[in-house]
Amino acid sequence: MTLIEDYFRVRSMTPDDLKLALSWAASEGWNPGIDDVDNFYSADPGEFLIGELNGQPISCISVVRYHSNFNFIGLYIVKPEYRQQGYGLKTWQEAFKLIPGQNAALDAVLEQVKTYQKFGFKPFHSHLRYQGIISGTMANDLVDLKTINFAQLCNYDRQYFPGDRLNFLEKWINQPHGQGYGILNQENLVGYGVIRKATDGFRIGPLFAENEEIAEKLFLALACYAQGDSIYIDVPNINNPGISLVKRYQMQSMFECVRMYTGEQPNINWINIFAVTSLELG
């Protein structure tokens with residue numbers, strides 16, 4: 001029997017395992033949020049997987065099952081000294097046993113797009129990460145997200161995210177080192193955004209809005225929370241107003257990743273998605 005068969009196993013993560021996995025993500029330059037252990041674990045606790053070699057963690061992957069037509073693959077990491085030895089593939093295969101025959105999505109760094117295509121993933125569009133330091137302002141019609149009816153928030157979120165994520169959203173808008181704002185128009189929610197403290201600076205996501213004017217108000221309000229520190233935001237490249245918004249504030253593009261699906265792209269309005277929630281969770 002091979003070494004992998006004798007000594008390598010993949011199991012569900014504990015919160016401590018997820019803390020370790022996010023430290024690997026930080027080492028890879030992914031800049032996770034400092035509260036992301038609790039945030040992420042709430043999304044689908046049983047589907048964060050860790051691979052152990054002789055009892056030592058060396059790989060990880062997540063499969064968040066939002067809907068049978070939308071499962072998101074993220075946090076796919078093998079420690080550098082164990083790469084190209086088959087452990088990553090074994091970890092990957094265990095993840096897909098959780099969603100047999102179902103549509104899966106991921107955000108791939110450019111150098112891995114061809115690899116994922118071999119597993120049946122098809123590219124649809126890119127996400128561009130921008131970084132900058134922004135002087136924020138607070139508009140008069142902003143509302144603290146915690147004061148908005150939670151069912152109303154979930155219904156609005158569902159327009160721009162292809163699955164229900166009630167447990168996650170409850171954690172996301174109440175995280176200790178973050179802030180969210182919404183804008184109401186005659187009691188109807190027309191946009192919301194969240195910013196959170198990250199390993200480096202702050203990250204905005206999601207930022208959903210009915211138009212660029214609303215998005216800009218939310219963007220500038222969230223920037224106030226960063227108090228002059230660096231802000232990072234992941235913008236779909238198919239949202240031209242979103243790209244225009246960050247460029248108007250001299251934010252600089254840092255890197256690009258490609259959104260890929262094994263099935264069809266969800267039918268959501270990307271023009272109102274000015275920032276995705278997380279490249280790790282979709």
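Predicted model: local features only at pLDDT ≥ 70, side-chain atom pairs only at ≥ 80, totals over all residues.
**Entry 1: strand β12 and its partners**

I began with strand β12, residues 252-261. Which way does strand β5 run against β12? I found the two antiparallel, with 5 bridges joining β12 to β5, residues 104-109. One pairing I noted here is Asp107 with Arg259 of β12.

I then looked up strand β6, residues 122-132. It also runs antiparallel to β12, and 9 bridges join the two. Here I wrote down Gln131, whose bridge partner in β12 is Gln252. A reminder to myself for reading such strands: in a regular strand the side chains alternate between the two faces of the sheet.

**Entry 2: a stop at Val258**

Still in β12, I picked out Val258. Is Val258 buried or exposed? Its relative accessible area is 9%, and the limit for buried is under 20%, so Val258 counts as buried.

Next I looked up what surrounds Val258. Setting aside neighbours within four places in sequence, I found Val258 in contact with Leu106, Asp107, Ala108, Leu110, Val113, Pro123, His125 and Ser126. I also checked how Val258 sits relative to Asp107: the two are 151 residues apart in sequence, yet 5.2 Å apart in space, C-alpha to C-alpha.

**Entry 3: the largest pocket**

How much space lies in the largest pocket? I have about 990 Å³ in my notes. Its lining has 33 residues, and the closest to the centre are Tyr76, Ile77, Val109, Gln112 and Tyr116.

I then went through the elements around the pocket. Those giving two or more residues to the lining are β4 (70-78), α4 (87-96), β5, α5 (113-117) and β12. Strand β4 gives the largest share, 6 residues. By class, I noted 18 nonpolar, 8 polar and 7 charged residues in the lining.

**Entry 4: salt bridges**

Side chains of opposite charge can pair when their charged atoms come close. How many salt bridges does the count come to? I noted 18 salt bridges, and followed up a few of them.

Lys217 and Asp141 were my opening pair, meeting at 2.9 Å, N to O. They link distant parts of the chain, 76 residues apart: Lys217 belongs to helix α8 (residues 212-226), while Asp141 is in the loop between β6 and β7 (142-144). Lys217 has a relative accessible area of 26%, so I marked it partly exposed. Asp141, at 30% relative accessibility, is partly exposed as well.

I turned next to Arg248 and Glu212, whose side chains meet in a salt bridge at 3.0 Å, N to O. Arg248 is in helix α9 (residues 240-248) and Glu212 is in helix α8, so this pair ties together parts 36 residues apart in sequence. At 38% relative accessibility, Arg248 is partly exposed, and Glu212, at 25%, is partly exposed too.

Asp157 and Arg165 gave me another pair to look up, with a salt bridge of 2.8 Å, N to O. Are Asp157 and Arg165 buried or exposed? I found both of them buried.

Arg9, Arg11, Asp17 and Glu52 are linked in a network of salt bridges.

Notes. Residues numbered from 1 in each chain as written. Heavy atoms only, no water. Pairing = 2+ DSSP bridges. Helix = DSSP H or I, 4+ residues; strand = E, 2+ residues; numbered from the N terminus. 1 Å grid on protein atoms, 1.4 Å probe; cavity = no way out; pocket = protein on both sides within 12 Å on 5 of 7 lines; lining within 4 Å. Points joined across faces, edges and corners; volume = space filled by probe spheres on them. Nonpolar A, V, L, I, M, F, W, Y, C, P; charged D, E, K, R; others polar. Salt bridge = Lys/Arg side-chain N within 4 Å of Asp/Glu carboxyl O. Buried < 20%, exposed > 50% of the residue type's maximum accessible area, 1.4 Å probe, protein only. Contact = heavy atoms within 4.5 Å.
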